[in-house]
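Morning, everyone. Please bring the model up on your screens, and I'll walk you through it.

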Amino acid sequence: RGIPQLARRSASGYGQESPKHGAQDASMVLHRQSLPTTRVPLLFALSMARPAVRRQRLVSAAMAAPAREGYASPFLSGKGNDDFVVRNDRNDVRVLQCPTPPVLRQGIAETAGLPHICVAGESNAGKSSLINHLLKKKLAKASSVAGKTRSVDLMLVNERLVLADLPGLPSRDHQVERLWRSTWEPLVASYVRECEPLRAMLYAHDIRWKVTPLVRSFLQDVQASGLPVVLVLTKDDRIADEADDRPSEARRRLKLTQAVRRSLDFRGLHFHYSTESSLPSSRRGRRQLLSLIEDLIGEPGGREECRRLLEARAAKKQGRAEQD
């Protein structure tokens, strides 16, 4: 049931495969938002009849080619609505699911000419909701059930940016911990290590949660690899729900923020974030985070320059906080 419809979609150019490719290519299913965003499991994809055509690349050969020296990306010059990397609406997003290292390497190769930003976080910390809110699309699987994201999902945004949704770390109830240790953690480590155009990681952490040893160790390893981290404190609107008035809300927010930063020994840049779009603070947080992403992918030198940029922003923010 459903196989004829999926076969027609493949014939129209989405998720096409080549008989020359191995079975791993069958797990790479491309989605356009104009179509239903049903993700085809690997085993089900393997059972589908293959069309006798080549699989459509995630990006064109010209976009996949490494950037030439002195090349200025055309989408960084203007600031009209269509010139922003991520727009307020009508974002064109295609998703390449990479559940295994060979498929991941192919995905990295196909997007080598585009900057990458990855998003990580514990299960149920709001990682998927953050991605959906940034892109104004329901692409990442937001659920109260742990382990919905089971692959490195490379999201090609407007053919200008790759936003990578990483599998969630096990939450404090230890769900999917075995899967994380055996499969997902090595896959994430491979992506961080092998993806040269990866500029930074957005790490989503529920501001109300204590930091677990696993999270602390994971972020230490990521930063030791040379990848800069931006801490995104999610579900910030829940603080207001638990506070009696604005002064107590501000005090609780400051207390929780300091506790997370101290537990992580984190000295970098952090943002407070809410996906409740009706709140002015939510819209402001989205603008600030997208502006930072624009600046990060505009840095020509890669991770080291991004790290310096974030350190300067963090020092400036800390200076303002001390003055206040």
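Start with the largest pocket in this predicted model. Its lining takes in 40 residues. Nearest the centre lie Arg253, His270, Phe271, His272 and Lys317. The volume of this pocket is about 1,300 Å³.

Which elements supply the lining? At least two residues each come from α8 (237-242), α9 (246-264), β7 (270-272), α10 (280-298) and α11 (303-323). Helix α9 gives the most, with nine residues. We have 17 charged residues, 11 polar and 12 nonpolar.

Next, the salt bridges. How many does a search of the whole structure find? It finds 14.

Take Asp165 and Lys127. They form a salt bridge, and their closest N and O atoms are 2.6 Å apart. This pair links distant parts of the chain, 38 residues apart. Asp165 sits in strand β4 (residues 161-165), and Lys127 sits in helix α5 (residues 127-135). Are these two buried or exposed? Asp165 has a relative accessible area of 1%, so it counts as buried. Lys127 has 6%, so it is buried as well.

Now look at Asp206 and Arg208. Here the closest N and O atoms of the salt bridge are 2.8 Å apart. Asp206 is buried, at 0% relative accessible area. Arg208 is partly exposed, at 28%. Elsewhere, salt bridges with shared partners join Glu304, Arg307, Arg308 and Glu311 into one network.

One more pair: Glu194 and Arg193. Their salt bridge has its closest N and O atoms 3.8 Å apart. Glu194 is partly exposed, with a relative accessible area of 33%. Arg193 is exposed, at 60%.

On to the cores. In soluble globular proteins, nonpolar side chains tend to be buried together. The largest nonpolar core here has 42 residues. Which of them touch the most other members? Leu166, Tyr191, Met201, Tyr203 and Phe218 do. Helix α6 (residues 177-194) brings the largest share of this core, six residues.

Zoom in on Leu166. Set aside its neighbours within four places in sequence. Its contacts then include Tyr191 and Met201.

Key
Residues numbered from 1 in each chain as written. Predicted model: local features only at pLDDT ≥ 70, side-chain atom pairs only at ≥ 80, totals over all residues. Heavy atoms only, no water. Core = buried A, V, L, I, M, F, W, Y, C linked by side-chain atoms within 4.5 Å. Buried < 20%, exposed > 50% of the residue type's maximum accessible area, 1.4 Å probe, protein only. Helix = DSSP H or I, 4+ residues; strand = E, 2+ residues; numbered from the N terminus. Contact = heavy atoms within 4.5 Å. 1 Å grid on protein atoms, 1.4 Å probe; cavity = no way out; pocket = protein on both sides within 12 Å on 5 of 7 lines; lining within 4 Å. Points joined across faces, edges and corners; volume = space filled by probe spheres on them. Nonpolar A, V, L, I, M, F, W, Y, C, P; charged D, E, K, R; others polar. Salt bridge = Lys/Arg side-chain N within 4 Å of Asp/Glu carboxyl O.
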